[in-house]
Each structure stands twice: as C-alpha cells, then as structure tokens.
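Trainee: I have a structure open and would like to learn how to read it. Can we go through a few features together?

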Amino acid sequence: LLAAAVPLAYESVRRKTKKRTIYVDGTSDNFDHHTLKFWKQAKGLGSKLVVGFSEEKKDMIQLAKACESVDSVLLNAPQGKLTSKYLDQLGVDYVVCGVGQSTGVVSTELIAAKRCLIIIDDKIAKPLESKDVKTE
C-alpha cells in the first residue's frame with residue numbers, strides 16, 4: 001500500500017510547490033458570503049489571487065482589498081472577454097469562473113488553451129470546455 005501512495009503524495013507536493021496566479025472577475029452586482037467563498041476557493045487553486053474590476057465600484061474594491069484571500073486588486077480590467085495575451089502580460093496562469101459567469105468573461109481562445117477553470121460546486125473545479133458555455 002505504501003508503494004501505491006508514493007506517486008499520489010509526490011503529485012500532491014508538486015501541485016503545492018508550483019506557483020500559479022489565478023484571476024477572478026470581481027465585477028458583479030452583489031457582494032455577499034457567496035462571493036467571499038468563491039474567492040477563497042479560487043485562491044485554493046493557486047498561490048496568488050488577482051481580482052479584476054472593470055467598473056468603478058468603490059465599496060467592492062475596498063472589500064476585495066480587505067479580503068484575506070485576495071492578493072491584489074486590478075482596476076480598469078477589460079470589460080470584454082479576456083485573452084491569452086492580456087493574461088500573459090499580467091502573469092496570470094488561469095481564470096476561474098463560477099457557474100454562469102463564463103459567457104461574458106472568457107474568450108474561446110482561453111477555453112481551447114484550457115486556461116479557464118470553472119468551480120461547479122464546493123468541491124469540484126475543472127477546465128471549462130466549449131460545451132459548458134451557453135451561447136446567447
């Protein structure tokens with residue numbers, strides 16, 4: 001049994017030591033405990049969490065700066081869909097979306113590159129696929 005556990009332990013340690021920067025779109029209509037929970041889950045997927053705001057919402061920006069899970073706040077984030085070029089400029093590895101958030105934030109280029117993760121429920125995060133995005 002010990003021999004079977006060694007590869008799993010190695011993978012667990014490898015994931016924890018690799019530095020990953022996660023981006024989350026902070027522009028939403030409400031700020032409540034669900035938002036804080038989502039940011040905490042997103043932070044758990046990487047080593048640094050960046051929350052981007054495309055609109056000037058002073059209250060939400062101040063709350064994001066005060067949140068322990070948020071490492072940095074990005075003002076004047078793009079209002080359209082995020083691209084790989086923009087994420088590379090920021091040094092961001094992955095964009096994390098909740099269910100229903102991905103349609104306005106993520107480009108098909110990011111989906112194809114598997115740089116967008118979606119948190120389905122409290123315990124499941126997976127790469128976003130084209131079939132998961134509902135077209136309007």
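Mentor: Start with helices and strands: they are DSSP runs, helices of H or I with at least four residues and strands of E with at least two, numbered from the N terminus. This is a predicted model, where local features need pLDDT of at least 70, side-chain atom pairs count only at pLDDT 80 or more, and totals for chains, interfaces and linings use all residues. Residues are numbered from 1 along each chain as its sequence is written, and side-chain values use heavy atoms, leaving out hydrogens and water.

Trainee: How do I read a pocket, and which helix or strand gives the most to the lining of the largest pocket?

Mentor: Rolling a probe the size of a water molecule over the atoms shows where empty space is left. On a 1 Å grid over the protein atoms alone, a pocket is an open set of points where a 1.4 Å probe fits, with protein on both sides within 12 Å along at least five of seven lines; lining residues have an atom within 4 Å of a point. Here H2 gives the most, with four residues. Strand E1 (21-25), strand E4 (94-98) and helix H5 (102-105) are also among those that each supply at least two. The lining of the largest pocket has 27 residues, and Asp 25, Gly 26, Thr 27, Ser 28 and Gln 101 lie nearest the centre.

Trainee: Which residues of H3 are buried?

Mentor: Buried means under 20% relative accessible area, exposed over 50%, and partly exposed in between (1.4 Å probe, protein chains only). In H3 (residues 58-66), Met 60, Ile 61 and Ala 64 are buried. They cover an arc of only 100 degrees around the axis, so they sit on the same side of H3. The arc is taken from the directions from the helix axis to the C-beta atoms. On the other side, Lys 58, Asp 59, Gln 62, Lys 65 and Ala 66 are exposed.

Trainee: How many disulfides does the structure hold?

Mentor: A disulfide is a pair of cysteine sulfur atoms within 2.5 Å. The structure holds zero. The sulfur of Cys 97 has its closest cysteine sulfur in Cys 116, at 3.7 Å, too far for a bond. Cys 97 is buried at 2% relative accessible area, and Cys 116 is buried at 0%.

Trainee: What about phi in Asn 76?

Mentor: Most residues other than glycine have a negative phi. Asn 76 has a positive phi of about 60 degrees, although it is not a glycine. Asn 76 lies in the loop between E3 and helix H4 (84-90). Its relative accessibility is 67%, so Asn 76 counts as exposed.
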